[in-house]
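Student: I would like to learn how to read the contacts of aromatic rings and the pairing of strands in a model. Could we go through them one at a time?

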Amino acid sequence: MAQSTKAPNSRGRGRIMKDYLLLILLLVPSGVLAQPPDDAGADAPSIIVTGQGLGLPPGTPAYGSVAIDRQRLLDNASGRLENVLANVAGSQQFRRSDSRASNPSNQGATLRALGGNASSRTLVLLDGVPVADPFFGYIPFSALVPDRLSVVRVTRGGGSGGGYVSLSGRWDRGNGFQTTPKSQRVAATVPAAYDSWSTNLRAVAPLSVTSELQFRATIFQDDRTLRFKGADSANEGQDASVRFISRGDWQVDALAYIQARNFSNIVISASTFRKSLDQRNTPSMGLGGKIEIRPPVGSDHVLRLGADTRFALGDMYEDAYDANIASNPVTFRRHAGGQQVTTGLFAEDDWTLEGLVLTGGVRADHWTISDGFYHQANASTGAVTATDSANRSDWQFSGRAGAILRLSGALALRGAGYTGFRLPTLNELYRPFVVFPITTQANAALKPERLKGVEAGFDLTPLPGVTLGATAFYNRLDDAIANVTIGTNTRQRQNVNRIVAKGIELTASARLGD
């Protein structure tokens, strides 16, 4: 009988992960809240605490960037970030419903009609930290509360004295609404109830006139029931990050973070209304960091040099049930998992020549996918089927370039070209799933998705407070990951040839009053 050599090492990952996070939560605030010395002279320079990162490079608008200010975030009646983002041209989720009425693992974010995917094809950052789940790649929108944010910036092309402490929380609960048409409801049909909460701690403390230390911690829990009684899902996370910002002659942005996540989900048969699958435990961890240095190279240039890295590992434990038998016995017990490491080096320069801004950057990423496995044990006989995947690694090179030409104070022309890539998630690589009667197989041989794109557009301000914009774009996603039918009621995740998205995005906004 084949045996897993990985399971004993992975069972304690979730517990160890939370222990590390608890240690960070206990230690960091004590440093963040340190007070300045009492003997500071009256003539000491003023210290201004911003709680922000380094300023945006001047070439940022070349990549079709759209900013959503705080007032717009607060004015959204739903209080849901995904609904705010729905107003951005080209923004889409894998499911049309918001985070209260969809499975958490379906909350992928994508831009420019590149094919909605349960794994996010768009990089979502909070204070510089990637928020996607380390195992599934979905975005936990219920933990991203709009009124905690000062601004949201969507880039569709590219790829005085003491500190302060901010503590916020949110709890949402509802009996839900029916997602099943009335004519199709049965006795087991229930509304899509939800019960979620999150709390956030953010602290900032000055270290000198030009530097500060920032700390953020977020804890969230999200419970939902979808369509049938007992079809419960749960999504939880504990994230923490520490960031050092220096705004001196040599500007520095250094960041380190840890994420502890878990997910569970029960699938109810649509024909017998018994349990068919219990995804009982999916612990995952993300660790990473970034350092960016901006050396003094003259007032006309903003040069950015740096490196970043991200480590993700996760496990999936699930039990399959025979929903056709009244006793609803367990048929198989499954365990899958793996890990990924991506480390990149980057350089980018923005050159301002009066009304013209030129921007360009390159990066090299080395990625590794390792320790992948899928083990299935027959609950009746104990027989084990084990598949252990080969480790693999490679380099990926990408770059981008753009320009902005300001013809006047009211009109600017812009254009850009770019490349990028996305690694398949651990979920796509190693975890199969069933939506009766269709089985979707995982694929440990998936290649990274590769993006190429160009765009051109303009921004017009015909009147004070009124802005108009248009962008024509062409994007091609090679080796796109999709669910491909390979037999009767059987699909497999595969790399398809390409997805091509082209079109025109129009934006308009007007501000009334003072």
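Student: Which residue lies over the face of Tyr-321, and at what distance from the ring centre?

Tutor: Bear in mind that this is a predicted model. Lys-275 is the residue over the face of Tyr-321, lying 4.9 Å from the ring centre.

Student: How many aromatic pairs does a search of the whole structure find?

Tutor: A pair of aromatic rings is described by the distance of the centres and the angle of the planes. The search of the whole structure finds four such pairs. One of them joins Phe-135 and Phe-136 edge-to-face, with 5.0 Å centre to centre and 70 degrees between the planes. Trp-395 and Phe-397, by contrast, form a stacked pair, with 6.1 Å centre to centre and 10 degrees between the planes. Ring pairs also link Phe-135 and Phe-136 with Phe-263 into a cluster.

Student: Are Phe-135 and Phe-136 buried or exposed?

Tutor: Phe-135 and Phe-136 are both buried.

Student: How many bridges join strand β16 to strand β17?

Tutor: Five bridges join β16, residues 356-378, to β17, residues 384-388, and the two strands run antiparallel. Within this pairing, Tyr-374 stands opposite Thr-387 of β17. The hairpin has five residues between the strands, and in it Gly-382 takes a positive phi near 85 degrees.

Key: Residues numbered from 1 in each chain as written. Predicted model: local features only at pLDDT ≥ 70, side-chain atom pairs only at ≥ 80, totals over all residues. Heavy atoms only, no water. Pairing = 2+ DSSP bridges. Helix = DSSP H or I, 4+ residues; strand = E, 2+ residues; numbered from the N terminus. Phe/Tyr/Trp six-rings, centres within 6.5 Å; stacked < 30°, edge-to-face > 60°. Buried < 20%, exposed > 50% of the residue type's maximum accessible area, 1.4 Å probe, protein only. Lys NZ or Arg CZ within 6 Å of the ring centre and 35° of its normal.
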